[in-house]
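Subject: Structure handover

Hello,

Here is the structure for your files. My notes on what was found in it follow below.

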Amino acid sequence: MGRRSRLLSSTLVGVLAAVLVGWLATPASAAGPSATFVRTADWGSGWEGRLTVSNGGPSALPSWTVAFDLPAGSTISSYWDATLAVSGNRYTFSNRSWNGTVPVGGSVSFGFLGSGPGLPANCVVNGAACAGGQPPTTPPPTTTPPTTAPPTTVPPTTNPPTTPPPASGLPRHALIGYLHASFANGSGYLRMADVPADWDIVNIAFGEPTTVTSGDIRFSLCPVSECPNVETEAEFTAAIRARQQRGGKVLISIGGQNGQVQLASTAARDAFVRSVAAIIDRYGLDGLDIDFEGHSLSLNPGDTDFRNPTTPTIVNLISAVRALRQRYGSRFVLTMAPETFFVQLGYQYYGSGPFGGQDPRAGAYLPVIHALRDDLTVLHVQNYNSGPIMGLDNQYHTMGGADFHIAMTDMLLAGFPVAGNAGNVFPALREEQVAFGAPAAVSAGNGYVAPAGVQAALTCLVRGTGCAGYTPRSGTNPNLRGLMTWSINWDRYYGWEFRNSHRPFLNALP
């Protein structure tokens, strides 16, 4: 996905069971607020922590502030759901505008990533000990400098949004599109503020690695030399926030046609989590879109069971996404945009095959989708730029018409045996997890289908009527999530044909 003329080039290894360290709240003796620290993950050189403020007092808390020390050599690199001020080795967190009030008996939490061996000490909440109203065991130091002076404030690029993510979910049938924000392409640059509200999910294209195997993902707005009308970063962020306040979702899309990502090592996995989290926090995004293409994913010889993958690039990607999902909780939106080669081709071929010689990328997304199916919001396979693919009717289907969209999407809704093995079936996804991707215009990608054909496919999949030569094995799917397109920019270039045709159609579906 993403036709471009140039190539651009967290660190959680495994989530541990929550280990309670530091201070424990004692509600029975607490006359006011208390705070409990939990280390939720540890990857050797760093850790993730969650701190929960509880109100055991007689009245609601209008605000809260938690402060603690970290020893020299330990720092906090990013945080969420709080503001932070740093003085020496003293870290002071305060509530955001939306989570300051804590009712009697209630609690709120915030989190952060720490590095180094040290853990928080000398904790106070609203001036009293975190254990529940008693003074700290050791008075917090006020003048002892750290070995190396840290910055007086944490870099603002890792700050979370100043307003909470929208509480509303996606509509029953969603319109999803990619916005080329880091490059212009032939369709031209489109400012975030000018993206119509009809798009329920906007995937920002693209975050890309510094090198193929680094896992270190970077994103920046299109340079002025290429995009003279590019907005400032502040304007971009403000437009994201305005869209979220209207109920829209904005994700960072990682990869694309040129952004090859291979998480072959645990170091790359950790860098992926750390850097993707920094981008999400920097712009206050709702989540992540995985658009790994090309040679980003392939299966090692002998890796034959999608339910138990052993290939490091796949195992590490699954682990990294799970870590991000745990960090952001239920508000995290996860989408994927694989090509048919990586998904539906798995009906015939999986990896290099039992005798070798096959393309090891065949079906390589299946273990990722399967492992993350409980966390997956929407899978929208790119039903374009594809060769003929065999459907569940054991006939080859060719892109460019309604038939291809129906057959490819039905495979996800019905499930299918992998590599023809009836004992190794990829289970069906839930209807609301499935959409399909179509080019917005003839210039956007091979396999363009006019609006009437796209809508015929939707009608067949949702209502079970007008299916022509293919009968869906999945039956009717009234909760099918909707449509994705590459791209919003190309749709604007061609007079908004995709949006103007399909938004009303989606709204009219049952």
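Cys123 and Cys130 form a disulfide (a pair of cysteine sulfur atoms within 2.5 Å), with sulfur atoms 1.7 Å apart. The torsion about their S-S bond is about -55°, so this disulfide is left-handed. Cys123 and Cys130 are both buried, where buried means under 20% relative accessible area, exposed over 50%, and partly exposed in between (1.4 Å probe, protein chains only).

This is a predicted model: local features need pLDDT of at least 70 and side-chain atom pairs count only at pLDDT 80 or more, while totals for chains, interfaces and linings use all residues. Residues are numbered from 1 along each chain as its sequence is written, and side-chain values use heavy atoms, with hydrogens and water left out.

The structure holds three disulfides. In Cys222 and Cys227 the sulfur atoms are 1.9 Å apart; the torsion about the S-S bond is about 70°, so that disulfide is right-handed. The link of Cys460 and Cys467 has its sulfur atoms 2.1 Å apart and is right-handed, with 105° about the S-S bond. Cys222 and Cys227 are buried, and Cys460 and Cys467 are buried. In sequence order, the bonded cysteines pair 1-2, 3-4, 5-6.

On nonpolar cores (buried Ala, Val, Leu, Ile, Met, Phe, Trp, Tyr and Cys residues joined through side-chain atoms within 4.5 Å): the largest has 120 residues, and Ile204, Phe272, Leu288 and Met336 touch the most other members. A second, separate core of 23 residues includes Trp47, Ile76, Ala82 and Val86.

Regards
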